[in-house]
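Subject: Handover of a structure and the findings on it

Dear colleague,

Please find the structure below, handed over for your reference. The findings follow after it.

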Amino acid sequence: MENEKGASSSNFKMGNSAQERSLPYVPDCYVVPSSYEPRDALDSKSESVPTIDISRLKGSDDERREVIQELRLACQFFGFFQIVNHGIDQRILDEALAVAKGFFELPAKEKNKFMSNDVYAPVRYSTSLKDGLDKTQFWRIFLKHYAHPLHRWIHLWPQNPPEYREKMGKFCEEVRILSLEIMGAITESLGLGRDYLSSRMNENGLQVMAVNCYPPCPDPKTALGLPPHSDYSCITILLQNLTGLEIFDLTAHGGSGRWVHVPEVKGVLKVHIGDHVEVLSNGLYKSVIHKVTLNEEKTRISLASLHSLGMDDKMSVPCQLVNDENPVRYRESSFNDFLGFLVKNDISQGDRFIDTLRIKY
Ligand code: OGA
Ligand code: NI
C-alpha cells in the first residue's frame, strides 16, 4: 500500500478517509495545530462539571426554583451541565447507541447510499467536518438526520440495521420532550417565563441528530475527533458510550480558562448551551466551546441532538433583557443563516457563527 502520510486533506474524502479505512498511522493532514492543545492535562473529577437532578422541575415550587437557580449558574459559568433523573429509560438510551453502532459497522456499500457533503441534505453520511475541504481533517465518521417532526423525516433514515428507525426514533422523541422541558426552565431562569419559546419550538422547531462515530486512532495525541467549536443550536443534548468530550471552562485560572474532561457515567445526559441561547440571553449565558479527543482502543459513539427554532425562524434578543446598561449585543439569525455560514467558513480554523452575530459598540 502506498504510504499517504504526507497526502493532503482532499485525499481523504468520505468513503476513503483514514478513519474509515483504519489506517495504522495518522496522516499529516489530521495532525492538529498545537494551538488546539490536544495534549493538555485534564481534570477528570466529575464534581468539576455541574450536575442537575431535573426530576425536581416537576416537583414543588421550591424544588423548581432550586433547579432554575442551579441551571442559571451552570449556563452562566459553564454553558454546560449534566442531567440525572431525566426520566428516559436506560433501555432506550442503550438501544439508540446500539443501532448507531450497528449502522457504522455496515459494509461501505450500504453506508455510501447516504454519502453527501451537501449541508442542506436532511440525511447524510460524511466524515471529518467538511469532508476533505477543510485544511485539517478530523477522525470522525457521522450520520446526520433531521428528526422533528418525526413522520416527515423517518422514512428517509437508514433501514439498516433493521431496528434503526424504531430505536433511534424512540430516542429522538424522548429527547425532544426533554429539550422542551429544559428550554422552558432556561427561559424561566432568564425571567422570560417558561412558555417564552415553547410554542415556536414545539410547533416548528428543528431537531437535528448528529450520530457520531470515532474509531480507535493509532496516535490519539496528535489528532482530534472534533476541533474546539460551539453548537449553533439553542441546546444540544448528548449521549455517549465512552469519555472523549472536553469542555472549555472560561472562568478557570482567573479567566484564562482550561479544558475539562467530561466523565462518563451511565445514564447521564450532557447538555450544551448553543449559540442561539447565548443570543437569547443577550450574552449572559455562554455557548460552550467543546472538542472531542480520541483513544487507541475503542470506538466511541455519541448521539448529539441539536434543538433549535425552525429553519427560517430568527432568534433575537428579547426586549425584556435590554436596557440602558444592556444594549442588544447580537444580531438576529436563523438555522438557515447558520448553514450559509457553514458553507463559507472553516470551523476547523476556529471560525465561530456566534462571532458573526456580535454587535460591537
Ligand atoms: C457535535 C459534538 C460531541 C461528541 O456533534 O457537535 O460536539 O462527543 N459532538 O461527539
Ligand atoms: Ni458540538
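Because histidine 229 belongs to strand S6 (residues 226-229) and histidine 290 to strand S11 (residues 290-292), the pair ties together parts that are 61 residues apart in sequence. Helices (H or I, at least four residues) and strands (E, at least two) are DSSP runs, numbered from the N terminus. Histidine 229 is buried, at a relative accessible area of 13%, and histidine 290 is also buried, at 3%. Buried means under 20% relative accessible area and exposed over 50%, with partly exposed in between (1.4 Å probe, protein chains only).

**Basis of the values**

This is a predicted model, in which local features need pLDDT of at least 70 and side-chain atom pairs count only at pLDDT 80 or more, while totals for chains, interfaces and linings use all residues. Residues are numbered from 1 along each chain as its sequence is written, chains are lettered from A and ligands numbered from 1 in the order in which they are written, and side-chain values use heavy atoms, with hydrogens and water left out.

**Aromatic residues**

Rings of Phe, Tyr and Trp (its six-membered ring) pair if their centres lie within 6.5 Å; planes under 30 degrees apart count as stacked, over 60 as edge-to-face and the rest as tilted. By this rule there are 16 aromatic pairs. In one of them, the ring centres of tryptophan 157 and tyrosine 164 are 6.1 Å apart with the planes at 80°, so the pair is edge-to-face. Both of these residues, tryptophan 157 and tyrosine 164, are buried. Phenylalanine 338 and phenylalanine 353 also form an edge-to-face pair, with 5.4 Å between centres and 75° between planes. Since phenylalanine 338 lies in helix H8 (residues 335-344) and phenylalanine 353 in helix H9 (residues 353-357), this pair ties together parts 15 residues apart in sequence. One aromatic cluster is formed by Tyr146, Trp153, Tyr232, Phe335, Phe338, Phe341 and Phe353.

Helix H5 (residues 164-189) has 26 residues and reaches 36 Å from its first C-alpha to its last, close to the 38 Å expected at 1.5 Å a residue; the expected span is 1.5 Å times one less than the number of residues. A nonpolar core is a set of buried Ala, Val, Leu, Ile, Met, Phe, Trp, Tyr and Cys residues joined through side-chain atoms within 4.5 Å. The largest such core has 109 residues, of which Phe81, Met168, Phe171, Ile182, Ile186 and Leu303 touch the most other members. H5 gives the most to this core, with ten residues.

**Backbone features**

Two cis peptide bonds may be noted. One joins histidine 148 and proline 149, with omega about -5°, and another joins asparagine 160 and proline 161, with omega about -5°. Proline 161 lies in the loop between H4 and H5. Serine 128 has a positive phi of about 55° although it is not a glycine, and it is buried at 0% relative accessibility.

Yours sincerely
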